[in-house]
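Biologist: Could you show me how to read the features of a protein model, step by step?

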Amino acid sequence: MLSALIWFPVLGALGIGLWPNASAQLIRWTALGIMSGVVLLTLGVVLPFDISAAGLQFQELLPWIEPLGLNYRLGVDGLSLPLVALNSILTWIVVYSSTQSLKPKLYYGLILVVNAGVTGAFLAQNLLLFFLFYEIELIPLYLLIAVWGGTKRNYAATKFLIYTAASGALILAGFLGLTWLGHAANFDYEAVQHIVDAIPAGLQGLILLTLIVGFGIKTPLVPLHTWLPDAYVEASPPIAILLGGVLAKLGTYGLFRFGLGLLPEAWTSLAPLLAFWAVIVVIYGALAAIAQHDIKRMVAYSSIGHMGYVLLGGAALTELSIVGAVSQMVAHGFILALLFYLVGIIEAKVGTRELEALNGLMSPIRGLPLISALLILGGMASAGIPGLVGFIAEFLVFQGSYAVFSWQTLLCVVGTGFTAVYFVILLNRTCFGRLDNALAYYPKVLWSERFPALALAAIILFLGVQPQWLVHWSEPTTAAMAQVAAAYEPSAERIGFGTITQAIAELTHPAAPPTPLALIPPIESTSPAT
Amino acid sequence: MPTLEASTKLPPSTHEFAEVIHRLEAGGAMLPDTPENLMQIIGIYKAYAVPMDFYWRDLLYIAENVFLNPLPFFKYFLPQKYLDLPNHYAGDSADLRIWRGAATAHPELLEFMAKGETGKMPKLLHHLFHDRVNMEFAEACMQAMLWHGRDMGWGLFDGYLDSDEYRANADRAITAYFKYNPPMLALYKLFPEMFLEQCRMMSYTANLGLFWEVMAPVFFEMSDIYDEGGFKGVPDAMNFLVNGIFAIAGRPIYHHVYIRGECFEIIPKSKGFMWLYEAALPYVEAVFYRTAPFRGTKSYNAQARQVPADQKDFHYGILYADVFPVGTAGIPPTLLMQDMLHFLPPYLVEYYQQHCRGEGDTLIQLGITFQRSMYCVTSAVIQALRQALLYPLDDPNPKHLAANRAFFEAQLDRFKRPEARLRDIQTQSYR
């Protein structure tokens with residue numbers, strides 16, 4: 001079943017690519033049919049998923065290149081399932097909302113490949129396999145920005161390519177470091193998990209930092225974010241949904257799966273640093289959003305800020321904060337998709353994204369009243385207004401993290417206040433005020449164009465009033481992660497920059513030949529209880 | 001009125017609206033003479049005339065019968081008597097037959113009153129669902145006339161409202177009206193000025209009712225003539241209005257109140273208040289040009305001087321109104337737009353479907369058409385004033401022509417304001 005989720009869209013992409021003389025409309029409908037199939041396949045995973053189990057389910061194993069330690073090992077748990085579902089739903093919406101007539105075969109084919117790559121990355125239980133899937137979506141996305149983007153698309157796409165390639169290189173370095181230093185038999189997640197304790201604490205910290213920077217570029221975390229505003233803004237609205245709603249989650253997923261999941265001790269030690277970093281991300285993202293005049297760029301910076309909540313939840317390492325962080329990934333995906341979709345509609349109808357030029361869109365007859373109303377809803381959800389999914393996620397994070405990082409949490413709460421500020425600016429200037437007589441001859445928004453926004457709004461509202469449907473998928477998994485991390489909490493020896501420096505020195509000038517795995521003594525007072 | 005070529009005896013005007021002034025000097029209107037404009041304004045006159053047929057009847061009913069009822073819940077429930085009230089300018093019994101149709105309420109109006117948008121149901125339910133003619137619009141126009149009339153003290157009619165004679169007449173009517181209502185009589189004794197002010201409002205209600213009683217058949221007739229292929233251009237339509245204005249200029253403006261079968265003449269016909277000077281001109285000044293802010297979705301900040309300090313400098317009328325959003329200026333045009341929507345002629349419905357958002361924004365499109373049509377009516381008033389006070393357009397004396405030009409330029413100075421829609425209506429792209 002999991003393989004079908006990956007290979008069905010790949011086969012679909014191949015079919016579309018080889019289809020001779022098909023019209024753009026037909027290709028779009030075919031791609032939509034394929035994505036509908038993917039959504040059904042996702043349902044096929046979601047429905048029988050055992051929500052009480054913390055471990056991997058629907059596991060698949062196919063030995064592949066054993067000398068390299070590369071196996072085709074898939075599995076899904078409470079961390080990856082919501083993100084797989086998010087990916088399927090958002091990609092369906094991306095295909096539905098695309099009306100691309102320029103090179104449609106390539107366009108829809110690439111979207112399907114990206115979908116497959118992202119799903120594969122979420123499902124991969126082998127580090128190299130994850131890396132392959134992680135890299136697979138790089139070139140399609142580069143092309144999706146460079147061919148179908150805005151005026152500065154080449155610049156944005158190249159920047160995206162360079163940053164993401166660097167991200168991939170760092171992640172690969174981290175994975176290789178983990179496996180080689182721990183002398184793992186292969187790159188399977190479980191195998192690596194078992195040998196991590198054999199790696200000295202300082203080196204663990206170094207590897208974790210490498211992974212954090214690697215995944216931090218993808219997420220992105222300030223100051224590794226500079227590719228994001230350009231890429232989001234220059235990408236067409238559907239591709240921006242892909243980038244913000246789905247791709248960014250690869251970064252946060254990687255942080256949790258491989259950072260926290262493989263290196264809980266190092267993660268625990270670096271947690272105060274991560275919490276502080278989260279504050280910077282939240283505050284910087286919000287303040288930068290306030291300063292923007294382009295509503296798409298404003299939403300892009302908003303996205304950066306909201307990634308800080310995920311980081312804070314991960315840093316706090318309580319059951320509540322981690323489930324909140326996973327919820328925030330999903331909530332952020334839906335909310336950002338809604339916001340980018342609405343911004344795309346506004347740009348298409350009004351012809352501008354400039355705050356100074358937009359006004360009075362709430363006007364009932366000549367404006368875009370429903371789009372404006374949904375924009376307000378999206379803004380409210382993003383700002384964490386109760387009753388909407390954004391509130392649930394942020395509340396869980398704050399509730400879970402306050403006991404551990406109180407002042408950092410309070411500063412992040414202040415950050416949500418800033419979120420309200422820029423959304424009030426956006427909504428006040430865009431939706432309210434006077435519609436300009438001289439300009440307001442906007443085409444009407446068709447119901448078919450409203451549908452994706454309404455669907456996303458319905459999900460945001462539903463999960464806001466019925467949060468159980470959001471959190472119960474991942475609760476056992478995140479609880480297990482928190483328990484593992486909790487075992488390292490009382491650790492007397494925190495990994496600081498000093499120990500990392502020492503570890504680098506040890507690496508450069510090894511004092512003794514490598515010790516076989518079995519002979520490595522347990523690390524003093526840092527062994528997990530389980 | 002003959003349509004003339006632009007005068008060649010004067011150098012071209014240097015006014016901002018020189019083109020419009022030359023058009024007025026040639027006997028044209030402020031609205032460009034195009035078949036599209038003609039079709040639009042005549043179509044909207046028809047759609048305006050049907051609710052107007054209700055407005056004038058109900059205004060007279062309120063002024064004459066509801067009068068000072070402190071709880072006038074049913075003032076918009078027009079009794080049959082007023083639906084059958086013969087129009088003085090239509091039907092066989094007309095004093096001056098302007099419209100060839102019947103003197104009683106228009107059939108389309110009766111049909112709408114019975115069915116509304118929702119379907120047949122008791123009148124009370126139509127009222128509560130607001131599925132009815134928006135009399136609130138008519139009352140807002142009346143209030144604008146009262147407010148600006150009182151402020152400017154224009155004409156003999158408004159001056160008469162402060163006379164001892166009016167006070168005495170009103171006192172008799174008020175005393176009779178509350179003869180069997182001691183609490184209200186006691187209140188009247190305590191606060192006579194308040195009741196008198198209400199009575200003045202009723203007088204203006206009668207004034208507007210009598211004004212629209214004339215205009216409704218004029219617009220019906222224009223629609224009929226257009227349907228028969230009678231108008232060749234916008235100037236023809238404007239000249240019909242000018243001729244109509246002069247034909248009924250002397251129509252008396254009065255205020256009678258009927259209390260238990262007895263007629264109290266608060267403003268008797270014998271006072272000789274003329275329709276043109278005491279109703280038409282104050283109406284144009286108050287409603288077309290001024291009205292009031294604080295309507296619709298846009299609020300004005302008086303402290304930020306967004307509202308002129310002097311009431312006579314107000315400029316929120318339909319000639320300036322922003323009908324795009326939901327009626328952000330002056331008398332809420334949306335209410336009238338909603339009323340006109342029910343009675344659009346088929347050719348106008350088809351026309352709107354071809355532009356902008358089609359059915360989705362017909363309300364706005366017809367609002368802008370209405371704005372165009374009111375520029376045509378204002379043109380007729382300006383030409384009528386020029387005809388009454390100055391010189392013919394074909395006068396051979398250049399000094400007379402110069403005086404005419406000065407008059408036109410002074411009139412068009414009022415549209416130099418940025419909010420004025422005169423610039424917009426010069427092109428068809430303003431929809």
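Predicted model: local features only at pLDDT ≥ 70, side-chain atom pairs only at ≥ 80, totals over all residues.

Modeller: Residues are numbered from 1 along each chain as its sequence is written, and chains are lettered from A and ligands numbered from 1 in the order in which they are written.

Biologist: How many helices and strands does chain A have?

Modeller: Helices (H or I, at least four residues) and strands (E, at least two) are DSSP runs, numbered from the N terminus; chain A has 21 helices and two strands.

Biologist: What box do the C-alpha atoms of chain A fill?

Modeller: Taken along the principal axes, the box is roughly 80 × 55 × 45 Å.

Biologist: Which residues have the most contacts inside the largest nonpolar core?

Modeller: A nonpolar core is a set of buried Ala, Val, Leu, Ile, Met, Phe, Trp, Tyr and Cys residues joined through C-beta atoms within 7 Å, where buried means that 20 or more other C-beta atoms, placed from the backbone, lie within 10 Å of the residue's own. The largest core has 198 residues, and Ala278(A), Leu338(A), Leu342(A) and Ile460(A) have the most contacts inside it. Helix H14 (residues 319-350) of chain A gives the most to this core, with 21 residues.

Biologist: In what sense do strands S1 and S2 of chain B pair?

Modeller: Strands pair if DSSP finds at least two bridges between them; S1 (residues 255-259) and S2 (residues 262-267) of chain B pair in the antiparallel sense over five bridges. His256(B) has Glu265(B) in S2(B) as its bridge partner.

Note on methods: Buried ≥ 20, exposed ≤ 12 C-beta atoms within 10 Å, placed from the backbone.
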